[in-house]
Amino acid sequence: MGKMALVLGGGAPNFTLMTGALLAFDEAGVKFDVISAAGGGGGVALTYLAPKGMDRQDALKNSINYGVSDPIYRMVPMNYKVFMKGSRIADLYRKLLSCLPGYSRVMNQYGMTKRQKLISDLIQMWAAITTPSTVNFFSQGLCANAPFIKEMVDFDKLKQAEEEVYLNAYCITDHKMAIFGKDELDYRHFGATLSYPFVYPPTEIDGKLYIEGAATDAFNFEGLLEHDQGVQTVVVFDAFGVEGYIQSPPNLWQAWGQSLILPLISLTRHDLFIFEHMLDDWNKNHPKRQDVELIKVQFDIPTEWLPTALDWSSSNLERMFALGYETGRKFVEAKGPHLGRTLA
């Protein structure tokens with residue numbers, strides 16, 4: 001039997017659609033041989049493959065805790081837990097805070113009640129406000145390159161994973177895509193895969209500069225096709241396949257957020273369309289091999305959710321997770337044999 005690959009595209013608050021669906025797949029016993037991901041999907045992939053301090057299923061459930069408690073988010077609609085101030089002095093300040101007694105207990109919200117999470121979020125907001133920064137007109141980006149991933153992923157454990165993983169980053173020094181596998185992925189390489197211009201500065205590795213790969217290849221199909229020729233089934237989580245994500249913005253802040261997301265939504269649809277045709281051509285040009293099958297998992301987001309579907313509020317991440325889980329559960333029940341597994 002050929003290999004089965006999972007492809008995860010870029011995402012923002014809707015990343016919990018992917019973590020919820022992955023939890024349903026894992027509970028049903030579905031296993032992947034290869035995971036190819038871009039942008040925010042890379043964080044989902046690494047959380048799935050090498051969670052830090054907890055098992056896989058608990059780590060997927062914990063993904064909802066990267067949202068901000070609703071009472072705070074209504075007043076301050078930004079995610080200070082994910083998008084942190086940049087500069088070396090800000091990094092040093094966060095490192096000093098992490099040495100305080102009880103820091104880990106406050107920051108790790110897994111198993112907390114809503115009230116406890118609210119208190120934790122208030123403390124984290126205080127830490128975000130008091131963090132000093134030297135970001136200025138000559139800076140290359142607003143935020144630090146995803147320091148939160150250090151609490152999510154065990155990069156040493158990743159190197160021992162049975163599955164192969166490929167994340168992409170665009171090298172602006174060489175003007176070509178780079179694909180990172182599990183043997184070289186670390187915090188710096190992950191930062192390179194998530195260095196979205198203006199939000200994050202380019203990441204320097206061995207004298208070369210990198211930006212987010214999802215900005216040019218929204219699913220990292222290139223990494224999958226070029227680095228693994230034994231794939232028989234490709235499962236794609238299409239988290240951005242809903243046109244209604246783009247709504248009339250209620251304020252300037254959300255209008256700016258939409259300006260970041262709109263190109264990714266368009267690129268995602270474009271890249272998925274092209275990949276389908278590429279697979280058709282591949283299958284036609286290799287008649288002696290069994291066809292590579294493409295299976296798309298699409299998420300039916302209720303219309304009434306769409307105005308706030310890209311919010312970083314806790315309630316939005318929680319309902320997206322629940323929708324992703326239910327979608328994944330139903331998909332496995334209906335398509336189990338097509339996933340190359342006999343499911344109970």
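**Close-ups of a predicted model**

**Figure 1. Gly207, out in the open.** Gly207 counts as exposed, because its relative accessible area is 55%, over the 50% cut-off. Like everything shown in these legends, this comes from a predicted model. Gly207 sits in the loop that links strand E5 (203-205) to strand E6 (208-212). Follow the chain back to Thr173 and you cover 34 residues in sequence, yet the two C-alpha atoms are 8.8 Å apart in space.

**Figure 2. Asp206, a residue with a positive phi in the E5-E6 loop.** Here we stay in the loop between E5 and E6, this time looking at Asp206. Its phi is positive, about 50°, even though Asp206 is not a glycine. With a relative accessible area of 72%, Asp206 is exposed.

Figure 3. Ile172 belongs to the loop between strand E3 (164-171) and strand E4 (176-181). Is Ile172 buried, exposed or partly exposed? Ile172 counts as partly exposed, because its relative accessibility is 29%, and that label covers values between 20% and 50%. Setting aside residues up to four places away in sequence, Ile172 touches Pro202, Leu209, Tyr210 and Ile211. Take Ile211: Ile172 is 39 residues from it in sequence, but C-alpha to C-alpha the pair is 7.1 Å apart in space.

**Figure 4. Ser87, in the loop between two helices.** Ser87 has its place in the loop between helix H4 (70-75) and helix H5 (88-97). What's worth a look is the backbone: Ser87 has a positive phi of about 105° although it isn't a glycine.

**Figure 5. Helix H1 alongside helix H2.** Helix H1 (residues 15-27) packs with helix H2 (residues 40-49) at an angle of about 30°, and their axes are 10 Å apart. That angle is why H1 is described as roughly parallel to H2. The H1 and H2 crossing is right-handed. On the H1 side, Phe15, Met18, Thr19, Leu22 and Asp26 meet Gly41, Val44 and Tyr48 of H2. Sort the residues of this contact by type and you get five nonpolar, two polar and one charged.

**Figure 6. Helix H1 against helix H13.** H1 also packs with helix H13 (residues 314-335), at an angle of about 40° and with the axes 6 Å apart. So H1 is oblique to H13. The crossing in which H1 passes H13 is right-handed. H1 brings Phe15, Thr16, Leu17, Thr19, Gly20, Ala21, Leu23, Ala24, Phe25 and Glu27 to the contact, while H13 brings Leu317, Met320, Phe321, Leu323, Gly324, Tyr325, Gly328, Arg329, Phe331 and Val332. By type, the residues of the H1 and H13 contact are 13 nonpolar, five polar and two charged.

**Figure 7. Phe237 in the largest nonpolar core.** How many residues does the largest nonpolar core have? It has 98, and the residues with the most contacts inside this core are Phe25, Phe32, Val235 and Phe237. Zoom in on Phe237 and, leaving out neighbours within four places in sequence, you find it in contact with Leu6, Val7, Leu8, Gly9, Met18, Ala21, Leu22, Phe25, Phe219, Val297 and Phe299.

Definitions and conventions:
Residues are numbered from 1 along each chain as its sequence is written. This is a predicted model: local features need pLDDT of at least 70, side-chain atom pairs count only at pLDDT 80 or more; totals for chains, interfaces and linings use all residues. Side-chain values use heavy atoms; hydrogens and water are left out. A nonpolar core is a set of buried Ala, Val, Leu, Ile, Met, Phe, Trp, Tyr and Cys residues joined through side-chain atoms within 4.5 Å. Buried means under 20% relative accessible area, exposed over 50%, partly exposed in between (1.4 Å probe, protein chains only). Contact means heavy atoms within 4.5 Å. Axes are lines fitted to C-alpha atoms, for helices over the stretch in contact, and angles run from 0 to 180 degrees between N-to-C directions. Helices (H or I, at least four residues) and strands (E, at least two) are DSSP runs, numbered from the N terminus. Angles under 35 degrees count as roughly parallel, over 145 as roughly antiparallel, 65 to 115 as roughly perpendicular and the rest as oblique. A crossing is left-handed if the near helix is turned anticlockwise from the far one by less than a right angle, and right-handed if clockwise. Ala, Val, Leu, Ile, Met, Phe, Trp, Tyr, Cys and Pro count as nonpolar, Asp, Glu, Lys and Arg as charged, and the others, Gly among them, as polar.
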